[in-house]
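Please have the sequence and the structure open while reading.

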2 protein chains.
Amino acid sequence: MENMVEMRVIGVARTAYGRREDAPHQPTDAVGTLEIAPAYRKGLADLASFRRVWVLFVFDRNEGFVLRVKPPRGGAKRGVFATRAPHRPSPIGLTNAAVKSVDVERGLVELEGVDFLDETPILDLKPYLPMVDAHPGAGHGWLEPFLEKGIEPRLKKPRR
Amino acid sequence: MENMVEMRVIGVARTAYGRREDAPHQPTDAVGTLEIAPAYRKGLADLASFRRVWVLFVFDRNEGFVLRVKPPRGGAKRGVFATRAPHRPSPIGLTNAAVKSVDVERGLVELEGVDFLDETPILDLKPYLPMVDAHPGAGHGWLEPFLEKGIEPRLKKPRR
């Protein structure tokens, strides 16, 4: 039997990306706005003091999950927990974006560096804390040789 | 009406911390093991190639949420989305830990740097990717003056 937990959607993303095949791969300089629901807006206080924020969101345009995925830079299939692919058992996306502005009263958070689709459900926001989150020398695991060769991620579908 | 989404628990944490008041604050060098359920173990392939991993887990020892929280280093109450406190609308914890070993077949992931409690439900694992996750110069927002003064987080309850 599957063990499930319920999470609250606190808001929705507004971005320029309407379809899965349009979404950019991180890192990106795309801008977007989060609209936080009235019930949660007071929780946005003090967020503007941070330069970067973690956005936890739902990969809601995917059905089901797979345990091995074909990475967008090519090569062998990889275990899904060794990738940032959307087809996860718990389809939670994690994106680090720059905070441009926060309007607590209207529930608006302007971000730079978003890779999620328009109308993406938002679960949580957390401040980016370099003291625990920044590990520049951690390496990129199996992805390292692809990055060294400068291989870019392929788009999900060829553009017309 | 609340807008909820269901997420899958993929496993459970085994750590030395049984009670909320025992859990350390990040950063920590505490070790722990994740036990991933059989249905999801194949997704652990290739994870051992990474030095660090994101662990997304449920803050399951908290009831409900608050929008303004009193931080463990003191000072004014802060908006919950400007803190990493557990009492969130979607009680998802995000911890960055070092990967010590991964046993795909037995579903065991040994970690160093865990701050979560024993039996914590695990939602997801993602590889740490410095190219998108490491921003050493991002600053610490409202927390900055507390860090500069070397103020340590208070324990949740006084020890006896």
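Does Asp22(B) count as buried, partly exposed or exposed, and what is its relative accessibility? Asp22(B) counts as partly exposed, at 21% relative accessibility; buried means under 20% relative accessible area, exposed over 50%, and partly exposed in between, with a 1.4 Å probe and protein chains only.

This is a predicted model, in which local features need pLDDT of at least 70 and side-chain atom pairs count only at pLDDT 80 or more, while totals for chains, interfaces and linings use all residues. Residues are numbered from 1 along each chain as its sequence is written, chains are lettered from A in the order in which they are written, and side-chain values use heavy atoms, leaving out hydrogens and water.

**Salt bridges overall**
- Over all chains, a search of the whole structure finds 20 salt bridges (a side-chain nitrogen of Lys or Arg within 4 Å of a carboxyl oxygen of Asp or Glu).

**Partly exposed pair in chain B**
- Asp22(B) pairs with Arg19(B) in a salt bridge, with 3.0 Å between the closest N and O atoms.
- Arg19(B) has a relative accessible area of 48% and is therefore partly exposed.

**Buried pairs**
- In chain A, Asp124(A) and Lys126(A) form a salt bridge at 2.9 Å, N to O, and both residues are buried.
- In chain B, the closest N and O atoms of the salt bridge between Lys126(B) and Asp124(B) are 2.9 Å apart.
- Asp124(B) is buried at 0% relative accessible area, and Lys126(B) counts as buried at 1%.

**Network in chain A**
- Arg19(A), Glu21(A) and Asp22(A) are joined into one network by salt bridges that share partners.
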